[in-house]
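Subject: Structure for you to look at

Hello,

Please find the structure below, with its sequence. My notes on it come after.

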Amino acid sequence: VVTAVCSGKNHALVKDLGADWAIDYTADNAVNELESNYDVVIDVVGNKKTSSLKEACKKATAKYISIDDDMPTTKKEDFQRLKEMAEAGQLIPVIDRSFALSEMVEAHKYVDQGQ
């Protein structure tokens with residue numbers, strides 16, 4: 001079972017991408033929506049260093065990986081597996097907007113707004 005944590009406006013997107021369940025991190029009851037145990041939690045956005053939801057996620061798994069926590073250790077085999085999945089069409093990139101290199105400041109502002 002895959003559970004995604006995102007804003008409510010992105011629930012349909014993450015379910016289309018394969019999530020079985022979605023939790024709205026902006027909801028007051030988001031922590032209560034977590035299951036008691038996950039094999040792994042991967043925080044790929046890392047907007048906040050700390051939050052009650054992030055702390056609850058850390059307690060719900062033995063393996064928590066976040067881009068906030070230094071550089072995750074990624075093995076060569078992991079990248080190979082991602083390459084194979086991409087070549088097989090099993091990865092679906094979501095790109096809602098792109099910026100020219102000269103627009104780097106605007107791109108960072110866009111991301112910082114949680115877009």
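The notes below go from the overall chain to one pair of side chains.

This is a predicted model, in which local features need pLDDT of at least 70 and side-chain atom pairs count only at pLDDT 80 or more, while totals for chains, interfaces and linings use all residues. Residues are numbered from 1 along each chain as its sequence is written, and side-chain values use heavy atoms, with hydrogens and water left out.

The chain contains four strands and five helices, in the order β-α-β-α-β-α-β-α-α along the sequence. Helices (H or I, at least four residues) and strands (E, at least two) are DSSP runs, numbered from the N terminus.

Of its 115 residues, 21% are buried (under 20% relative accessible area; exposed is over 50% and partly exposed lies in between, with a 1.4 Å probe and protein chains only).

Among contacts (heavy atoms within 4.5 Å) with a separation of 6 or more, 18% are between residues 24 or more positions apart.

The search of the whole structure turned up one salt bridge, meaning a side-chain nitrogen of Lys or Arg within 4 Å of a carboxyl oxygen of Asp or Glu. It joins the side chains of Lys83 and Glu87, at 2.8 Å from N to O. Both residues belong to helix α4 (residues 76–87), where Lys83 and Glu87 are four residues apart, about one turn of the helix. Glu87 counts as exposed because its relative accessibility is 58%, whereas Lys83, at 42%, is partly exposed.

Regards
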